[in-house]
Amino acid sequence: MTEKKRILIVDDTKDILLLVSRRLQSWGYETLTADSGEDGLRIAEEQVPDLILLDIMMPKLKGREVCARLKANPKTQRIPVIFLTALGLADHVKAGMDQGADDYIVKPFEPAELKDRIAVCLARHEPLAPS
């Protein structure tokens, strides 16, 4: 039996953390939550989740900076990051992807889209089984 994939959700809005966490759990994922960029970095380093959902607009440490630090850290650089944010302009998306994000989802989002994009991102980062 394969073990559950762990997803870290980093968002300063408690309602979003709760909503997304419950949804992911209903899809069979284990969730970790952080309500600040600083906590997100600490938890990512300690727990090394399989994927990170990251808000951009947060007090103090913004999501783009969190992503840049994750990608610069050898322990966390391989963790796929999906930005989950209200910033939906093309410039925002480009800036997020330039920081090393693997995907970019604009709030409000459709749960089915979130589920599909997470599955695709995790599959892309699945280590290949030896043949």
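This is a predicted model: local features need pLDDT of at least 70, side-chain atom pairs count only at pLDDT 80 or more; totals for chains, interfaces and linings use all residues.
Residues are numbered from 1 along each chain as its sequence is written, and side-chain values use heavy atoms, with hydrogens and water left out.

Strand 1 (residues 6–10) and strand 3 (residues 51–54) pair in the parallel sense over four bridges; pairing requires at least two bridges found by DSSP, and strands (E, at least two residues) and helices (H or I, at least four) are DSSP runs numbered from the N terminus. Leu 51 of strand 3 is the bridge partner of Ile 7. Helix 1 (residues 14–26) packs on the sheet, touching strands 1, 2, 3 and 4 (81–85), and its direction makes about 170° with that of strand 2. Contact denotes heavy atoms within 4.5 Å; axes are lines fitted to C-alpha atoms, for helices over the stretch in contact, with angles from 0 to 180 degrees between N-to-C directions. Helix 3 (residues 63–72) touches strand 3 and strand 4, its direction making about 175° with that of strand 4.

The sheet is open, with five strands in the order 2-1-3-4-5 and parallel pairing. Its edge strands, strand 2 (30–34) and strand 5 (103–106), each pair on one side only.

Leu 70 touches Leu 41, Ala 44, Ile 52, Thr 76, Gln 77 and Val 81, residues up to four places away in sequence not being counted.
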